[in-house]
Amino acid sequence: MKRFCHRRKLSHRHSISTLESVQTVLVIEDEADITDLVAFNLERVGCRVLKAYDGQVGLELALKERPDIIVLDLMLPTLNGLGVLKGLRRDARTQQIPVILLTARAQTEDRIAGLAAGADDYVTKPFSPKELVLRVQAVLKRMQISSGSTDFTVGSFRFDKNSLKFYIDSEPVELTATEFKLLLFLCERVNHPQQRNDMLRSVWGYSDDVISRTLDTHMKRLRQKLGSHADKVETIRGVGYRFVNPAP
Ligand code: CA
């Protein structure tokens with residue numbers, strides 16, 4: 001049985017800007033109406049769309065195809081969205097692929113769990129296709145690193161902005177794109193406290209209550225990954241965060 005299909009269609013008759021290169025989006029959602037609507041709108045802005053209608057197929061397709069971004073529903077047959085997300089984050093091939101969750105309004109706890117498990121953003125159902133397309137483009141843009149210098153070093157931290165690879169004392173540390181951007185944002189402003197809203201707008205492109213809670217879960221996981229360097233990322237109560245690099 002064919003569970004998914006590949007399609008490519010380019011159109012420029014849309015108010016949403018097209019991306020510079022063809023980006024592959026994997027949509028994992030069992031409700032075919034929603035999947036088709038999402039796919040149609042993404043294809044209009046030049047994306048290549050892969051579809052999967054259950055969690056297990058979606059996870060396998062992600063591992064095989066390594067899409068640029070995944071739109072993942074939480075309520076799925078065979079393997080739920082949270083299971084798919086954990087599977088993606090466990091495997092080196094898919095660890096860094098950004099994930100946007102589709103969640104029902106009532107699924108607040110699942111949404112928080114999803115963000116804590118490494119999702120990059122979320123959209124609440126019912127959503128407008130335009131909103132989702134904009135969100136996908138914002139996250140893809142987050143993946144595109146600004147031009148100019150490709151390496152940034154502060155203390156024992158080194159960021160390779162081209163490949164989104166991060167090293168501590170030359171040892172690679174696996175960060176998601178969101179974690180990479182958050183840490184880079186702080187490190188480029190070393191020793192200066194950064195406001196939450198500035199961090200949110202810089203990385204997510206917008207700021208709201210849920211995404212604000214997301215920031216803390218991302219920062220918590222980021223600190224865990226920094227190990228003995230975790231205390232260099234300080235929480236500034238009522239303000240935001242600061243990366244502290246003591247003078248040598
Ligand atoms: Ca569903």
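Reader: In what order do the four strands of the open sheet lie?
Author: The model is predicted: local features need pLDDT of at least 70, side-chain atom pairs count only at pLDDT 80 or more, and totals for chains, interfaces and linings use all residues. Numbering starts from 1 along each chain as its sequence is written, and side-chain values use heavy atoms, without hydrogens or water. Strands (E, at least two residues) and helices (H or I, at least four) are DSSP runs numbered from the N terminus. The sheet has antiparallel pairing (at least two DSSP bridges between two strands), and its order is β7-β8-β9-β10.

Reader: Which strands are at the edges?
Author: An edge strand pairs on one side only. That holds for residues 151-154 and 171-173, which form β7 and β10.

Reader: What is the average twist from one strand to the next?
Author: The sheet is open, with four strands. From strand to strand, its twist averages 25°.

Reader: Which residue of β8 stands opposite D151?
Author: β7 and β8 (residues 157-160) pair in the antiparallel sense over four bridges. In β8, the residue opposite D151 is D160.

Reader: Which helix lies across β7, β8 and β9?
Author: Contact means heavy atoms within 4.5 Å. Angles run from 0 to 180 degrees between N-to-C directions, with axes fitted to C-alpha atoms, for helices over the stretch in contact. The helix spans residues 177-187 and runs at about 120° to β8. It is α6.

Reader: Which protein residues are donors of the calcium ion?
Author: Donors are N, O and S atoms within 2.8 Å of the metal (3.2 Å for Na, K and Ca); water is not among the atoms, so sites may look incomplete. The protein donors lie 2.1 to 2.8 Å from the ion. Their spacing in sequence is E-D-x42-D-x1-M. They are E29 (OE), D30 (OD), D73 (OD) and M75 (O).

Reader: How many residues apart in sequence are the parts that D30 and D73 tie together?
Author: D30 sits in the loop between β2 (24-28) and α1 (32-44). D73 belongs to strand β4 (residues 69-73), so the pair ties together parts whose separation in sequence is 43 residues.

Reader: Is D73 buried or exposed?
Author: Buried means under 20% relative accessible area, exposed over 50%, partly exposed in between (1.4 Å probe, protein chains only). D30, at 33%, is partly exposed. D73 has 2%, so it is buried.

Reader: How far apart are the C-alpha atoms of V133 and V38?
Author: V133 lies in helix α5 (residues 129-143). V133 is buried, at 2% relative accessibility. Along the chain, V133 and V38 are 95 residues apart; their C-alpha separation is 8.0 Å.
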